[in-house]
Amino acid sequence: MRLVMIGSGYVGLVSGACFADFGHDVVCVDVDETKIAALKEGKIPIFEPGLDQIVQSNSAAGRLHFTTDLAGSVQDADVVFIAVGTPSRRGDGHADLSYVYGAAREIARAVQGFTVVVTKSTVPVGTGDEVERIMREENPDADIAVVSNPEFLREGAAISDFKRPDRIVIGTEEPRAVEVMRRVYRPLYLNESPLLFCERRTSELIKYAGNAFLAMKITFINEIADLCEKVGADVQKVAKGIGLDKRIGDKFLHAGPGYGGSCFPKDTLALVKTAQDAESPVRLIEATVAVNDNRKRAMARKVIAALDGDVRGKTIAVLGLTFKPNTDDMRESPAISIIQALQDKGAIVRAYDPEGMQAARTLMSDVHYGNGAYDIAEGADAVVLVTEWDEFRALDLSRLKSLMRQPVLVDLRNVYPPQELSKHGLRHSGIGRPERPQA
Ligand code: UDX
């Protein structure tokens, strides 16, 4: 089938490349000429494990194309996916849908023959109705069906999430569109990936409800971690103990500095707004948003406490800047709030991240960016592990300590067992772990 992906970012590029890998003929469209030119040369503008290989092999096979020409691509497409950004609107937290609506207008003008138009981006409930209204207003003769097909891709695991999804959700009640979408996803369907057909608005809400629930689950274990610190319990064992209950499950119960990324913060806020507008507020998610925002700042206080309450003039080495490992994405990363709060208290911050420093430099200029964990630890009064990259999981703790001015390690991802840190003479603090008296 001929598929067109409008928007070649985290979602559009991964989805387009994977659809091509299924054997479909895919055209990825973007307004950014530089990005399209780079993609044509096989250069991938984002860090996503395995993406370069899948893009190059399918481009070479002639199944994956890149262009800025939206109209020309849409003309003979069977399905057009809208995968453009839906960032939080400045000031009020609603999703900014201007890119979605702009794409819809352009598609409406260019479609020929029956075309399924799919919102792949995360869009508030009711957006599909508005997209359909705009398209029919733009071109009353367009023979289209507007379908919701939300993505459930995690950055850093996007390709495996696409190819082995827990489910594929398709929101449409148009029989012709159901048939087309079954053909689009036939390769996955054959893998027994469940295909869930439902109304369009239901599909749109499934995406938000899913992300909001995951964000709430993380925030739940983060609050339990704070309680553990007060009552002397171990949050990792609490997480294991509750996670063995199959009704709870053991995923997304790792206590940490708070969730970040381009999805949870944006989607929880958008859901809160949608619910408030519908006069049916989602108070649990309102609390999740507030608790998570406060938590990132609270982590800086944990670091300050580890240095006896004063970081003025002290050097702090931050390991990890991205919002999670295996991505270069700094959006809403806890590291940003933590570093800014420490600098506000007069700390000198050094930082290293395997993939995120290029993005970080555009956000935080007054940080010294090093070239490795040991490099930034030299002369540091404390090391803070913020993002659990694999290369931070087996540091030579004796070497680390010998480089530091003070042997203080704050482990915000509980990567190291406390006894391991004590054995190497490091004064340490973690998340939700009983703080035993330390030498
Ligand atoms: C998320 C959803 O998982 C994905 O299904 C959706 O399509 C997009 O949003 P993503 O934001 O890429 O994916 O990352 P994810 O792995 O979900 O982590 C989100 C945040 O939660 C990260 O900051 C991560 O550090 C944090 N997290 C995750 C925890 O703090 N604890 C956990 O146990 C899991």
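User: How far is an oxygen atom of the ligand from an N or O atom in the side chain of K207?

Analyst: A polar contact is a pair of N or O atoms within 3.5 Å. Here the K207 side chain has an N or O atom 2.9 Å from a ligand oxygen. The model is predicted, so local features need pLDDT of at least 70 and side-chain atom pairs pLDDT 80 or more, while totals for chains, interfaces and linings use all residues. Residues are numbered from 1 along each chain as its sequence is written, and side-chain values use heavy atoms, without hydrogens and water.

User: Which backbone atoms lie 2.7 Å from an oxygen atom of the ligand, and which lie 2.9 Å from a nitrogen atom of the ligand?

Analyst: For the ligand oxygen, a backbone N or O atom of E155; for the ligand nitrogen, a backbone N or O atom of H254. The protein covers 93% of the 660 Å² of accessible area (Shrake-Rupley method, 1.4 Å probe) that the ligand has on its own.

User: How many residues surround the ligand?

Analyst: A residue counts if one of its heavy atoms lies within 4 Å. There are 18, and the closest include G260 and K324. Helix 10 (residues 200-231; helices are DSSP runs of H or I, at least four residues) gives the most, with three residues.

User: At what angle do helix 12 and helix 13 pack?

Analyst: Two packed helices are described by the angle and the distance between their axes. Helix 12 (residues 264-277) and helix 13 (residues 283-306) pack at about 145 degrees (on a scale from 0 to 180 degrees between N-to-C directions), with axes 9 Å apart. In the contact (heavy atoms within 4.5 Å), T268 and L269 are among the residues of helix 12, and I285 is one of those in helix 13.

Terms used:
Helices (H or I, at least four residues) and strands (E, at least two) are DSSP runs, numbered from the N terminus. A polar contact is a pair of N or O atoms within 3.5 Å; within protein, one must be able to donate a hydrogen and the other to accept it, and residues adjacent in sequence count only if both atoms are side-chain atoms.
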